[in-house]
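Good morning. I will go through one model today, interface by interface. Please have the sequence and the structure open.

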Amino acid sequence: MMFLSLQHRDPMLKKRDDFEDMLEERRNSSDLRYALRCYTPVLYKGLAPCKASMLKSMVLQSDQLHHVIGQVSRETGRAADDVQEEASAILEEMAHCLQLSTVRFFAFTLSKVFKTLFRSICVNEEGIQRLQQAIQEHPVVLLPSHRSYMDFLLMSYILYTYDIALPVIAAGMDFMGMKFVGEMLRMSGAFFIRRSFGGDKLYWSVFSEYVKTMLKNGFAPVEFFLEGTRSRTSKSLTPKLGLLNIVMDPYLKGEVYDINVVPVSISYERILEEALYAREMLGVPKPKESTSGLFKARKVLSEDYGSIHVYFGQPVSVRSLAQGRVNRCQFNLVPRHIPRRPSEEIQSFVNDSAYRLVRAQEENMVLKPWVLLASLLLQNHHQDQTAGQKRGMVLEELTAQAVWLRDMFREYGAFLHWPDHVPPSEVVSSSLSLHRGLVRVCEGRVQLAVEQGFTVTPEEELLSQAVIVLSCASYRNQGLHVFLRPALLASAINAASSNLKQEVFNSFSFLRNMFSNEFILCPGATVQDFEEACYLLVKTGALQVTQQELLVTERGQRTVAFLTSMLDPFLQGYQVRETLYKMFSPCLVRLCFPGRLRYTEVLSSDLQKNSLAALLRLGAVQKIKA
Amino acid sequence: ECVEWEVTDGGGSEIMKWNGWGYSDSKFLFNKKGQAEFTGKRYRLSGMIIPGLKDWMEGTFGANLQHKTPATPLLTSSAVQPATLNKAFLEELKSTGIPFSHDAEDRVFRAHGHCLHEIFALREGKFGRVPDMVVWPNCHNDVVKIVELACKHNVCVIPYGGGTSVSSALECPPEETRSIVSLDTSQMNRILWIDEKNLTAHVEAGIVGQDLERLLNESGYCTGHEPDSMEFSSLGGWVATRASGMKKNIYGNIEDLVIHIRMVTPRGVIEKSCQGPRMSTGPDIHHFIMGSEGTLGVVTEVTMKIRPMPEYQKYGSVVFPNFEQGVACLREVAKQRCAPASIRLMDNEQFKFGHALKPQVSSIFTSFLDGLKTFYITKFKGFDPNRLCVATLLFEGDREKVLQHEKQVYDIAAKFGGLAAGEDNGQRGYMLTFVIAYLRDLGMDYYVIGESFETSVPWDRVLDICRNVKARIIQECKDKGVQFPPLSTCRVTQTYDTGACVYFYFAFNYRGLSDPVHVYEQVEHAAREEILANGGSLSHHHGVGKLRKEWMRDTVSNVGVGMLKSVKDYVDPDNIFGNRNLL
């Protein structure tokens, strides 16, 4: 708990590093020379990097794999050689074959691409130095946030630039479908894992041994995405525990002294896949990854995607995470190479750690002014819809509100990049112009770029509106973690029948529990979250806490109203979900017409999926097998 | 071999240091020229100059000859708590004629073992709770009388053998309000008989290791039990702590050597009725006694296995390119069950330490040869001087077999990249065993404190535990504000079929720390936690004492503790043997 909760005490005190734009040098010197330059990264304990073939043979000769091969062979009656061959084939399909020449090729082409797409790629160099230090001390696991396909190429590109050992990256098998590209990625350090291999002991064993061998021997940092997949909504996803379990195992079993886990936060000012994601969430299926698809995506090259901020967080020692949480003696009585289900103690430890790490990612996400604007514009959009007012916000009003929100965000400890030396009106207008696909200024009013009256059918119109709304929502979501806890509290105050502390807490606890599939809320931390929320609202003068009661102050009304309406779309999403299940009528679109739904966001499959999971968890609905 | 034998007499205090290790005449010091020197005449190293030691101490610890921390030279009796005497007990004891004393010096001498905190306090002239008197029984019957009287008058008895404990076992519980009697067994030091037909010897338990061996050697026999403390530790102490000897591969550990034990308890005398080599008569009652750490009674007489003295002894050593290879070699040797009498593997830091303790070379030729050897190993064979490590070997038996055995072991070593590195290195390695304890006193003169501790661990864990515990020590020192990098090193000292005994050495320069002993204890505590978390045992042979008591429950389970408790409750319901070790 220590390292996060202490920071949370006063978010204003959070010290964060400065950024350097790494593209600047690329714009001023030869890309070719850069791609061919001498690359000599420091390694863990001065080890020599290991050939991919040697790595494979270490895995195939490992005790763990031998054990499982024997077991599978006994269970299935197949010859051990046969099983061994299968293991070898699995490994062949999985393993990376990192080649410096491919990396150099990427270094060259990505330089070109990045310079066209982005204004800057900002990296905290102190974080890089910490990483370099960490790599020499203990095996390192890199945990970047996942918002774009770009992420892992970007990571490798940065590490190459700073002369740091290139990571091996766990990638989903779907990439392999892209023939040429799949192999290119493999040669730049990706290894491929099947999306599901539930009961396949052999597969699991090869996979876990492969990852552990790389990690234990410190041949390369292991990189994977804790969220498992790209977040289409810019909200952090509930962490997946499989790989985290695997990489923590060598520490828990004493095979290494410690492991450094480095959360990396990659924030995009404009996400390449913006519209794609929105469509996907509306049920237009995800296009299959294909090489030709990638080329079609070329048109994205002609647009301006602003800047990227990559923040390498403080390395987290697994040893210190586990201190006092896990009794490592539990591995004393069974040979360590015999795979066992992790004990409950370990499962809950890994789960808690995962949440903590995702929160560490969230904390260092850089928020651009657009995040504030999108939040304000969305709220306004929803109000307009209901009230039937003139659409949009007056530019000056938007600017004024944005400044108000900026100050609040800062007080909540957000990592906000708002250029203070530029007049707010300029900040706002430059933000708006970067996102002109989503927003437009019309007669001095800023409105979401939802088309009206052009399309043939009302369904289509709704759909195209929803694309815009969902895209904006995803930008708003970037700031969710900042105000989530205060917003839950604000909603709880609204929902509670009195101001009594206990009552508010109960309603907070209910909301928090309901939304635990939706947002990153550490399991079992209800009290801490409640305290944190109170602390922030009190600190900003929005709330007074007495012995018994929580009272919203005069000037706090605005804050509370804002916070509550931030959560509203989600609340309604969950209500709809409930109603739907009562009505057995899955046709959502029709529901929207009579104006019964205020929030187009409710159409998001992500919200639907999460709410269904929550309702299942809470026992409000039951799964009946057909 | 390395020691000039001498019977240590009862009081011991004159020829032994009262606030450090071993003989008063033997110690390391820096002479006027600033060179390290080992005084006295008892050891091979005695009277020699050790040129490398100063640099090693300065380089390893950042120690400085200008910064001294000398010990309080004399024991001031007034600083010792006055004795709480039980008059009635004393009167009756007098009538038995058994010698006793309540002299402050005698009492202080028996109030401690050799844990760092114990010696550190003595050097500062600080004494905590000490025994109120010392008795010197002369035989089994004397002990029976003393224990009867102790029970009658409710006096606490703490048995004292050689005083080499490193588990706080000899410390008097500060909360003890009764009169504490230290029962010193040193006068019970005779071999009562030798049975050459069955190859056993019946020995009084107060005899110390070197005397036992010397006396048996006179008849052409030996026990072969050689713990590192054998110069000073006693047979009774070995039994009470489950001791282990360097040459256990041939002779076995104490539990393998003991045929019969007599122990005096508050309930009476416990012993078996015959000397059959093995029995199936329920749980072996010897195993209640061995490891009881003075909590149940006093071991008075022991029948032990003896062996004819070996015809031939040969030392040896092997250099490995790294520790991993060395451990793999030891594991293979254990697998083939061909371990020599002793085989030990030092890590790189310890190899360097051993190197620093090389005495001044007398001839140019030897120094030339040394240079050549170094060149061969590091340049020609490509060993990294910062990674290589050394195994020391001791072979025993008849000449032909020893040579054959030697070849077998060197052949295995070669498979793991090991190079034979000569007898001399091996012999020096074993000599260091005896002088290393003296070295701690030198360190303590210059702000350096340290200690060793041990564990036993399955083979597959050996490398992991060595790495992790060493790293933990370094990290803890850093976290606790130690200003200089510590020495954190280990060696594998015993091999078994399924695992090994590992020793850790740990020392640091404490300049700048206000409470160095506390820091030291915190680090050692953390290191023990690390050992346990890595599948190591609480102790291989040092015992639990009071130092490691807190982990007993986790080690042997609740039921286990309950079993031991119920034995204690039956044997000693009034806690006469109240040293509070173990449970």
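**Interfaces in a two-chain model**

I start inside chain B, where two salt bridges are counted between domain 1 and domain 2; a salt bridge here is a side-chain nitrogen of Lys or Arg within 4 Å of a carboxyl oxygen of Asp or Glu. On the side of domain 1 of chain B that touches domain 2 of chain B, the classes are three nonpolar, one polar and three charged residues. For the classes, Ala, Val, Leu, Ile, Met, Phe, Trp, Tyr, Cys and Pro are nonpolar, Asp, Glu, Lys and Arg are charged, and the others, Gly among them, are polar.

Before more numbers, the ground rules. This is a predicted model, with local features needing pLDDT of at least 70 and side-chain atom pairs counted only at pLDDT 80 or more, while totals for chains, interfaces and linings use all residues. Residues are numbered from 1 along each chain as its sequence is written, chains are lettered from A and ligands numbered from 1 in the order in which they are written, and side-chain values use heavy atoms, with hydrogens and water left out.

Back to chain B. Its domains are domain 1 (191–308), domain 2 (312–421) and domain 3 (437–542), with bounds taken from an automatic or database domain assignment. Seven residues from domain 1 of chain B and nine residues from domain 2 of chain B make up the contact, contact meaning heavy atoms within 4.5 Å. The C-alpha centres of these two domains of chain B, domain 1 and domain 2, are 33 Å apart.

Domain 1 of chain B and domain 2 of chain B bury about 600 Å² between them, and carbon and sulfur atoms give 46% of that. Buried area is the accessible area (1.4 Å probe) that two parts lose on being put together, summed over both. Of what domain 1 of chain B buries against domain 2 of chain B, 68% comes from M246(B), K247(B) and N249(B), more than from any other three residues. One salt bridge to look at is D228(B) with R344(B), where the closest N and O atoms are 3.0 Å apart.

Next, the interface between the chains. Chain B and chain A each give 13 residues to the contact. About 1,100 Å² is buried between chain B and chain A, 33% of it on carbon and sulfur atoms.

Four salt bridges are found across the interface of chain B and chain A. D460(B) forms a salt bridge with R336(A), with 3.5 Å between the closest N and O atoms. In chain B, α16 (462–479) and α17 (516–533) each supply at least two residues of the side that touches chain A. Helices (H or I, at least four residues) and strands (E, at least two) are DSSP runs, numbered from the N terminus. α16(B) gives the largest share of that side of chain B, six residues. By class, the side of chain B that touches chain A has three nonpolar, four polar and six charged residues.

Now chain A. Its assignment gives domain 1 (32–96 + 125–259 + 317–363), domain 2 (369–477) and domain 3 (480–618). The contact takes 24 residues from domain 2 of chain A and 25 residues from domain 3 of chain A. Between them, domain 2 of chain A and domain 3 of chain A bury about 2,400 Å², with 69% on carbon and sulfur atoms. W404(A), Y412(A) and R476(A) supply 28% of the area that domain 2 of chain A buries against domain 3 of chain A, more than any other three residues.

How many salt bridges lie between domain 2 of chain A and domain 3 of chain A? The count is zero. Helices α17 (369–387), α18 (395–411) and α20 (458–477) of chain A each supply at least two residues of the side of domain 2 of chain A that touches domain 3 of chain A.

Last, the total. Over all chains, the rule gives 68 salt bridges. In one of them K152(B) pairs with E92(B), the closest N and O atoms being 2.6 Å apart. K152(B) lies in helix α5 (residues 140–153) of chain B and E92(B) in helix α2 (residues 87–96) of chain B, so this pair ties together parts that are 60 residues apart in sequence.
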